[in-house]
Amino acid sequence: MLLLFKVIAEVSFISIVIYLLLNLRKFYVYVVEPINAVYISLKQRGLLRNNETIMNKDEVDDLLGSFQAGFSRLDKVLDLINQLNRNVSFEENLIYIFDNFKPLIPFEHLGIAILTDYDEMLELRYALSDKSLSHLPSKMIGLRQAIDQTTLNSVVKSKKVRVIHDLIEHTSGRPMSPYNQLLLQSGIRSSIALPLVANELPIGIIFFSNTVPHSYTQEHIDFLTTLADSISLSFYQKIYVDDVLFSGIRAIAKLAEARDSDTGDHLNRMKKYSRFIAEKLFELDEYKGYITPGYIRDLESFAPIHDIGKVGISDELLLFKGRYSDEQREDMKKHVEFGSAVLHEAAFSMAIHGKKQLFDMPIHIVTYHHEKWDGSGYPKGLKGEEIPLSARIVSVADVLDALLSKRVYKDAIPFEETIKILVNLSGKEFDPKIIDIIIQNQEELFTLYQHLMETENSK
């Protein structure tokens, strides 16, 4: 028995020794080594000498502040990764970045350009700005330029960050691009351009810009480089998949367009009028947060599919010249039902992939663009703001161009008379606020109308 106790005691002693050694190792790795690293760093900076501290309270506070800033940046990156993994639109992710990273990075304008046309063109697809620069996004989105005609070509090819410390100096003596011209006119003086790369291939560029020259340090560059990697992944997964889906919808709309020689030019004009109206509404405070640059871009993209359901209408009825009988009119109204069914089926199919929300705007446009403000429209007889805003805008743009255009069964109505007709229909067929926007901006609208007509006549 004594021998047994002795063996147990020895085993216990050895176990305790091993446990202490293991924990001493952990203590050294997780406590001693980090403290030692901090000590060495402080000594290298000259903050410690001969085991005597020469840091005063302010210096200690500064050092702690640096540590806290580093942890804050890390938290922001982790939060961003979680945000990117949520089932939200890419634009929502950009808004999140815009709202949450400004305390860490000095910027007043954020933009993203994508490579298009077999990587030969650079198109500004997204833009967000502070209130003082609120005019910038609507003017910039859609700008396109050949990549080899810009200094950004080197950013794409090298996949490296480019910093402009003073935009005035950078553009001095060089051809001025529309993008840089708008930035300079708005007071932007410094920027960082970071390549967005997915699967080792460049897919676009993200810009952070500020009105103060020499705003960006190496610390900002390092942080934004990490950020760009996260954005690239979201960009690749969401934007390119979305574009494929949108292209499929527009391809169906092309089928209806091909059956009517008047339709093609009409769709191009009415989408421009839709964008014009949305941009003017965007400037009003009451639409802030609802109408965004992305909303405007999507509206312009989807306005032309408003009559997508006409693929289900017979040629005899679709190409009929003259006034419809009551029976023909009822049959033509079915195009709304056909188009809505197509998009709802697509939305249902994509729901399992988390993409259902992509179809909200096109469904609203296709289903409700024949509703009227006073409730006398179809298919549901919606009234006022029950009608989705996108459908209310497209409805006005559609009729605006129909009035201004020559058809086999009618002559084009002069611009001034067209405006009077729309005014008379305000509060009856159309949203009064949209008609007010047209009245307030009719000179600019007339300029757009003339430009569209001249462009088509020059073909």
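The paragraphs below go through the nonpolar cores and then the aromatic rings of this predicted model.

In soluble globular proteins, nonpolar side chains tend to be buried together. Here the largest nonpolar core has 44 residues. Within this core, the residues with the most contacts are Tyr273, Leu281, Ile291, Ile393 and Leu445. The elements that each supply two or more residues are α9 (263-282), α10 (293-302), α12 (326-351), α13 (360-368), α14 (389-404), α15 (415-424), α16 (432-440) and α17 (442-457). Of these, α14 gives the most, with eight residues.

When its neighbours within four places in sequence are left aside, isoleucine 393 is in contact with Ser274, Ile277, Ala278, Leu281, Leu299 and Ile434.

The aromatic rings come next. A pair of aromatic rings is described by the distance of the centres and the angle of the planes. The count for this model comes to eight aromatic pairs. In the pair made by phenylalanine 98 and phenylalanine 107, the ring centres are 5.5 Å apart and the planes stand at 70 degrees; planes over 60 degrees apart count as edge-to-face, so this pair is edge-to-face. Both phenylalanine 98 and phenylalanine 107 are buried. Together with Phe208, Phe98 and Phe107 form one aromatic cluster.

Lysines also lie over ring faces. Lysine 288 is placed over the face of phenylalanine 282, 4.6 Å from the ring centre. Lysine 333 lies over the face of tyrosine 378, at 4.8 Å from the ring centre.

How values were computed. Residues numbered from 1 in each chain as written. Predicted model: local features only at pLDDT ≥ 70, side-chain atom pairs only at ≥ 80, totals over all residues. Heavy atoms only, no water. Phe/Tyr/Trp six-rings, centres within 6.5 Å; stacked < 30°, edge-to-face > 60°. Buried < 20%, exposed > 50% of the residue type's maximum accessible area, 1.4 Å probe, protein only. Lys NZ or Arg CZ within 6 Å of the ring centre and 35° of its normal. Core = buried A, V, L, I, M, F, W, Y, C linked by side-chain atoms within 4.5 Å. Helix = DSSP H or I, 4+ residues; strand = E, 2+ residues; numbered from the N terminus. Contact = heavy atoms within 4.5 Å.
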